[in-house]
Amino acid sequence: MSEEFEAVVIGGGPGGYVCAIRLAQLGIKTACIESRETLGGTCLNVGCIPSKNLLNFSDNFHKAKHFSNLGIEIGEVKLNLAKMMKNKDKAVTILTKGIEFLFKKNKITHLKGKGSILDKNTVTVTDNSGKKTNYKAKNIVIGTGSVPATLEGIKIDEKTIVSSTGALSFEKVPKELIVIGGGYIGLELSSVWKKLGSNVIVVEFLDHIIPGMDKDISTEFLKILHKQGINFKLDSKVTAVTVVKNKAIVDFTNKKTAKRERIECDKVLVAVGRKSNFDEDISKLNIKLDSQRKIEVNNRFETSIKNIYAIGDVINKGPMLAHKAEDEGIAVAEIIAGQAGHVNYNIIPAVIYTTPEVASVGKTEQQLIKEKINYKTGKFPFMANSRAKAINESDGFVKILVDQKTDKVLGAHIIGPHAGEMIAELAVAMEFGASSEDIARTCHAHPTFSEAIKEAALAVDKRTIHS
Ligand code: NAI
């Protein structure tokens, strides 16, 4: 038996590494087990960070191609995809190394290898060579994240049929790309490859994209993406994907008309959600799972075994988002240290980093209707926002939902420039129990995109100034 720890965190993603840092800050002797070579989990290595890099630079490429319309003559704009990918990999390396540094700074033991739970107080680390080492742990935190889901009969080979991981590293711009699933991953990566030159078709099972987001946002987003040249096949069920000589043939059926279609393409991205990632030791220990095979936790993030906690994508609470996992990591560390850790699941922002961005916090209009909550709506278009007009980025709007009686903000939804940054104002407002009147009476700098938030707050009582 090797070293003993007060807490061992399994998984070094945004949930796990943040949890380990907070535990160490609270004076708890902590180890974090990670099976990847680098820390940071899916988010830093093959998720949020590389995708944001590519979203940004594919958009720059696209914009540069149209610079002459703005009076900037730069000649022919050419893509060097290998260099763009190298730059992306560099961003990932810098950030993952940054976490290594934070581990050293906080004196966290980084155990490299695959972690599993032997019994309620013992974890096993299996390193690359297959060597197993056991460690005693007073508390164990499972933060092993999620892996891409696929459809029955469709095998992801990461060459022709790829998950988000493969779609972040194509060596050539696919001429034809079919994306199965019009959710976060499908739309962000559609946007990247469309801007780099692919013909993109998104095949979505439902009659709308980004299920779960406010319907007004979903409708507007579809319109904008369509305008950008992305094609959509809604209401469509994929029945088969066959690979023939490096090409893929996708068969799908329209659920309403029963019309069958077959399209050949170079690459298929399967983006139909993610499933929690843990292996057999969890089932062997009889840790309780829900019907979706997610780990059940109570308000203290305890699993059915008291000193074994779980956070992030593996649990049956909240959306599969990195920042939700981070907040749970902090909360569980504080709970282990005897403090009152807490996550407010009503106020977790969500962002899609396309151009324009989409951002949302709190209830959607559809949820309010379903929950029979009386509400008022304030909406303001970026078309009437001076900053957005000044820089030709006036697609989209801000929508604020408030309680009809108290005026308290219940939800906010933005599609437009820098929506992902702007949503923070509304999340803070909601945490402080603000009303639309509070937001409307807060001075917003001019000219800024955030004035659209103030105007949307004014719109609740039909007193906008600029529309
Ligand atoms: P998702 O749940 O966002 O979207 C999956 C889409 O696939 C849905 O629209 C669904 O209706 C559709 N779908 C399901 N079965 C289908 C079928 N048979 N045929 C056609 N369409 C089908 O899942 P996604 O995009 O894979 O993302 C996974 C997770 O990663 C999400 O929970 C998301 O929160 C997270 N994520 C967050 C990002 C962000 O914060 N910007 C970026 C990327 C991922």
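Predicted model: local features only at pLDDT ≥ 70, side-chain atom pairs only at ≥ 80, totals over all residues.
Now look at the backbone contacts. A backbone N or O atom of Ile-185 sits 2.8 Å from an oxygen atom of the ligand. For Gly-273, a polar backbone atom is 2.9 Å from a ligand oxygen. For Met-320, the distance from a polar backbone atom to a ligand oxygen is 3.2 Å. On its own, the ligand has 840 Å² of accessible area, and the protein covers 81% of that.

Next, the salt bridges. The structure holds 27 of them. One joins the side chains of Lys-29 and Glu-3, at 3.2 Å from N to O. Lys-29 lies in the loop between α1 and β2, and Glu-3 in the segment before β1, so this pair ties together parts 26 residues apart in sequence. Lys-29 is partly exposed, at 39% relative accessibility. Glu-3 is partly exposed too, at 38%.

Glu-328 and Lys-324 also form a salt bridge, with their closest N and O atoms 3.1 Å apart. Both residues are buried. They are four residues apart in helix α9, so about one helical turn separates them.

A further bridge links Glu-437 and Arg-463, with closest N and O atoms 2.3 Å apart. Glu-437 lies in helix α13 and Arg-463 in the segment after α14, so the bridge ties together parts 26 residues apart in sequence. Finally, salt bridges with shared partners join Asp-214, Asp-216, Glu-365, Lys-379 and Lys-399 into one network.

Technical notes. Residues numbered from 1 in each chain as written. Heavy atoms only, no water. Polar contact = N/O pair within 3.5 Å; in protein donor to acceptor, adjacent residues only side chain to side chain. Areas by Shrake-Rupley, 256 points an atom, 1.4 Å probe, with all protein chains shown as cover. Salt bridge = Lys/Arg side-chain N within 4 Å of Asp/Glu carboxyl O. Helix = DSSP H or I, 4+ residues; strand = E, 2+ residues; numbered from the N terminus. Buried < 20%, exposed > 50% of the residue type's maximum accessible area, 1.4 Å probe, protein only.
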